[in-house]
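Subject: Structure handover and notes

Dear colleague,

Please find the structure below. My notes on it follow.

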Amino acid sequence: MLITKVTRSSLTSIVNRPLTKRFYAAAANSEPIKKTALYDFHVKQGGKMVPFAGYSMPVQYSNMGMLASHIHTREKASIFDVSHMLQSRLTGKDRNKFFETLVVADLNNLPVGQGTLTLFTNEQGGIIDDTIVMQQKDSLYVVSNAGCADKDLAHIQKHLADFQKKGGEVEFNVITDHSLIAIQGPKAAAALEQLVGKSLNDFSFMEGKFMEVAGVPCHLARSGYTGEDGFELSIPTEEVLNITEKLLANPDVEMAGLGARDSLRLEAGLCLYGNEMDDETSPVEAGLTWTIPKSRRETGGFLGADKILPQIKGGVSRRRVGLLVEGAPARGGAEILNKEGEVIGNVTSGCPSPILKKNVAMGYVKNGLHKKGTELSVKVRNKVQNAVVTKMPFVEARYHK
């Protein structure tokens, strides 16, 4: 591995709005739009390409609209190109010690072959990014958001230099010769088993393994961003098209784009950086306290711990909630009102749920108004609509245990 230093019309309207606050940022950037190794394949498959996090990515495909793609993923399996994500690796005997200063995870007690969702935090207790960290035999394998890649790299390299100056033995490198795809849905394992030649039933959620896929050495992680069972495959770039085509040859497998990915993650109650998380939002406010294990709550040692840990017991002024919304879908930025008509927060993400056939949304409200069953309102196009706080995920997760 080379490393270098609901209605159909309302759901379809997602195409014409930003999927994140950074969605069209690349369009205004003077830097050229980048392409993944599957770009030509996406175009050939009828992909509608849009700028996303500096890349040209498919939002949907001509053979299947976003609504159908969403449902197909829930019922069968879909492939998502996530090669725009930042893949990196840390090596050296002090890799866990160093990275624990930047993230909230307990890496020393993370077994080899196991991964975890964790958070980069800043000195003020805000979230710089969310990331998956996988403990490997001699390294940490890290997958971070494409839209945060530049600031993540600058953040890591700044603190790495300080750590190394103090005698710490760790190296950080970006993986440049591997692409990343995800296959998600209840039929994902069966489709992948055809290419690995054996059962994957003993492959647990958030576990990672090096395996051959169609004879190609790859790294597989049983994880994803849809609430469904599935895998993320880190594949040598020269082989990613070959493996994608082989998976797609299975009649249960289709390609899926950013549109379905956004509505799937929202149904699953999963945060999106730039919407539910940002530099000024703490893990406790975001409902992500569970990412901070007991050992880290006791020892701290990560950036912003002095701000975040007191919030766990002392509380915060606002909380992330899930909402069921009557009327038109409430999109990001919509005001959330209490029964007296006072603004008590804002929606961060929202769309019609193809599975529930109801409008779902996430947002932040004043502490005390975050409990399940609390009746609120949202303002959509200057019209006040009823909403109620509900538990998340909106659609039950089906991760493989």
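Is Phe99 buried or exposed? Phe99 is buried, with a relative accessible area of 0%; buried means under 20% relative accessible area, exposed over 50%, and partly exposed in between, with a 1.4 Å probe and protein chains only.

Before the rest, the conventions. This is a predicted model, in which local features need pLDDT of at least 70 and side-chain atom pairs count only at pLDDT 80 or more, while totals for chains, interfaces and linings use all residues. Residues are numbered from 1 along each chain as its sequence is written, and side-chain values use heavy atoms, with hydrogens and water left out.

Aromatic rings

The structure holds five aromatic pairs. Rings of Phe, Tyr and Trp (its six-membered ring) pair if their centres lie within 6.5 Å; planes under 30 degrees apart count as stacked, over 60 as edge-to-face and the rest as tilted. Phe98 and Phe99 make a tilted pair, because their planes are at 45°, with the ring centres 6.4 Å apart. Phe98 also pairs with Phe163, again tilted, at 5.2 Å centre to centre and 55° between the planes. Phe98 lies in helix 4 (residues 95-99) and Phe163 in helix 5 (residues 149-165), so this pair ties together parts that are 65 residues apart in sequence. Helices (H or I, at least four residues) and strands (E, at least two) are DSSP runs, numbered from the N terminus. Both Phe98 and Phe163 are buried. Ring pairs link Phe98, Phe99, Phe120 and Phe163 into a cluster.

Strand 8 and its partners

Five of the five residues of strand 8 (residues 140-144) are buried, so the strand is largely enclosed by the rest of the structure. Leu140, Val142 and Ser144 point one way, and Tyr141 and Val143 the other way. Strand 8 pairs in the antiparallel sense with strand 5 (residues 86-91) over five bridges; two strands pair if DSSP finds at least two bridges between them. In that pairing, Arg89 stands opposite Tyr141. Strand 7 (residues 127-135) is likewise antiparallel to strand 8 over five bridges, and the two form a hairpin with four residues between them.

Gln135 in strand 7 is the bridge partner of Leu140. At 5% relative accessibility, Gln135 counts as buried. Contact means heavy atoms within 4.5 Å; leaving aside neighbours within four places in sequence, Gln135 has contacts that include Arg95, Asn96, Leu107 and Leu140.

A nonpolar core is a set of buried Ala, Val, Leu, Ile, Met, Phe, Trp, Tyr and Cys residues joined through side-chain atoms within 4.5 Å. The largest one has 29 residues, of which Ile183, Leu192, Val213, Leu233 and Ile243 touch the most other members. Helix 6 (188-196) is one of the elements that supply at least two residues of this core, and helix 6 gives the most, with six. Not counting residues up to four places away in sequence, Ile243 touches Leu195, Val213, Val216, Cys218, Leu233 and Ile235. Apart from this core lies another, of 23 residues, among them Leu140, Val142, Ala149 and Val170.

An open sheet of six strands has the order 11-12-13-10-4-14, with mixed pairing. Strand 11 and strand 14 stand at the edges with a single partner strand each, so one side of each is left without a neighbour in the sheet. The twist averages 30° from one strand to the next. Strand 11 and strand 12 run antiparallel and are joined by six bridges, with Met211 opposite Cys218 in strand 12. Helix 3 (residues 66-75) packs on the sheet, touching strand 4, strand 10 and strand 14, and its direction makes about 115° with that of strand 4. Axes are lines fitted to C-alpha atoms, for helices over the stretch in contact, and angles run from 0 to 180 degrees between N-to-C directions.

Regards
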